[in-house]
Amino acid sequence: MTHHAAGPAVRRRAQDAPPPSRQGPDASRPVRRASLIAGVALLLMAALAGFGYIFAIHGLITPGNAARTAQDIMAHQGLFRAGIASLFGVIALDVVAALGLYRVFRPAGKPISAAAAGLRIVYAGIFAVALFQLTGAARLLGGGASLPASGAARVHAQALSDINRFTDIWHAGLILFGLHLLVIAWLAWRSGYVPKLLGILIGIAGLGYIYDSIGAFLSGGSWTQVTTVTFIGEFLLALWLVARGRRITVSQPALRAEPAGAAR
């Protein structure tokens, strides 16, 4: 009798038990793939931005000197246009990185991760608008050698104005980019699978972009940028995604997200 009485009770307990968790390696695999994609995109962006802006564009611009800037760009038109093309490549990679980071941090908070991706994609759109100002300057100076002397000064001034608009629009967009990094920092801190120190460094990088963008506007452009130091958090995130992202396990963050009663 004891055996027959225990049978239904065991069956009831088996029926009432929660289904086995599917969070584990299967749930982690797409996050790991997204981590690799996002990390590679971020590293490629760093290389393209370094060449495109620092070497090819910024090096040809003399602030406040339209004639010198025009002379240098016309003497290195191929380099200037290559820099612009590289920055358009950065925009495409920004979108790839935004979608990859969304997948990486979705287990830590899907709506917040989507908001972070949205901020980065909107920033990429603003950056594209800024870059079109540079293409305008390149077109103006493309035939600079055939300009009459009377019109050269006007064209040079217009080209420098386009370059200044590029800088202003870009700095405005970087405020959104800084907010994106702050959201990523919060997700990294909350995730449980990203080192908390890395989350702090990402947050510092985000604050650095916001600080520099606002400071550049308030100072009229003469500003010592802190992002030359604070960007390290963004760079370390890229390295971590490539080197350590393949070991991400999302089961623990998923369990912590459940209500306490469900966990019991």
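Student: What does the accessible surface of the protein chain come to?
Tutor: The protein chain has an accessible surface of about 14000 Å², and carbon and sulfur atoms hold 66% of that area. Please note that this is a predicted model.

Student: How many helices and strands are there in the protein chain?
Tutor: The protein chain has 11 helices and 0 strands.

Student: And how many of its residues count as buried?
Tutor: The chain has 264 residues, and 41% of them count as buried.

Student: What share of the contacts comes from residues 24 or more positions apart?
Tutor: Among contacts with a separation of 6 or more, 79% are between residues 24 or more positions apart.

Student: Let us turn to α3. Which of its residues are buried?
Tutor: Helix α3 spans residues 66-75, and its buried residues are Ala66, Thr69, Ala70, Asp72 and Ile73.

Student: Why are they on the same side of α3?
Tutor: Because they cover an arc of only 165 degrees around the axis, they are on the same side of the helix.

Student: Which exposed residues does the face turned away carry?
Tutor: That face of α3 carries Gln71 and Ala75, which are exposed.

Student: What caps the N-terminal end of α3?
Tutor: Asparagine 65 does, with a side-chain oxygen 3.4 Å from the backbone nitrogen of alanine 67.

Student: Now the largest nonpolar core. Which residues touch the most other members?
Tutor: This core has 57 residues, and those touching the most other members are Phe80, Phe105, Phe127, Leu134, Ile184, Leu237 and Leu241.

Student: Which element gives the largest share of this core?
Tutor: Helix α6 does, with 12 residues.

Student: What is phenylalanine 127 in contact with, leaving aside its neighbours within four places in sequence?
Tutor: Phenylalanine 127 is in contact with Leu87, Val90, Ile91, Phe166 and Trp170.

Student: How many aromatic pairs does a search of the whole structure find?
Tutor: The search finds 10 aromatic pairs. One of them is a tilted pair of phenylalanine 127 and phenylalanine 166, at 6.4 Å centre to centre and with 35 degrees between the planes. Phenylalanine 127 lies in helix α5 and phenylalanine 166 in helix α6, 39 residues apart.

Student: Are those two buried or exposed?
Tutor: Both phenylalanine 127 and phenylalanine 166 are buried.

Student: Why is the pair of phenylalanine 177 and tyrosine 209 edge-to-face?
Tutor: The pair is edge-to-face because its planes are at 90 degrees; the ring centres are 5.0 Å apart. Phenylalanine 177 is in helix α6 and tyrosine 209 in helix α7, 32 residues apart.

Student: Which residues form one aromatic cluster?
Tutor: The cluster is formed by Tyr53, Tyr123, Phe127, Phe166, Trp170, Phe177 and Tyr209.

Terms used:
Residues numbered from 1 in each chain as written. Predicted model: local features only at pLDDT ≥ 70, side-chain atom pairs only at ≥ 80, totals over all residues. Heavy atoms only, no water. Helix = DSSP H or I, 4+ residues; strand = E, 2+ residues; numbered from the N terminus. Buried < 20%, exposed > 50% of the residue type's maximum accessible area, 1.4 Å probe, protein only. Contact = heavy atoms within 4.5 Å. Areas by Shrake-Rupley, 256 points an atom, 1.4 Å probe, with all protein chains shown as cover. Arc of directions from axis to C-beta. Polar contact = N/O pair within 3.5 Å; in protein donor to acceptor, adjacent residues only side chain to side chain. Core = buried A, V, L, I, M, F, W, Y, C linked by side-chain atoms within 4.5 Å. Phe/Tyr/Trp six-rings, centres within 6.5 Å; stacked < 30°, edge-to-face > 60°.
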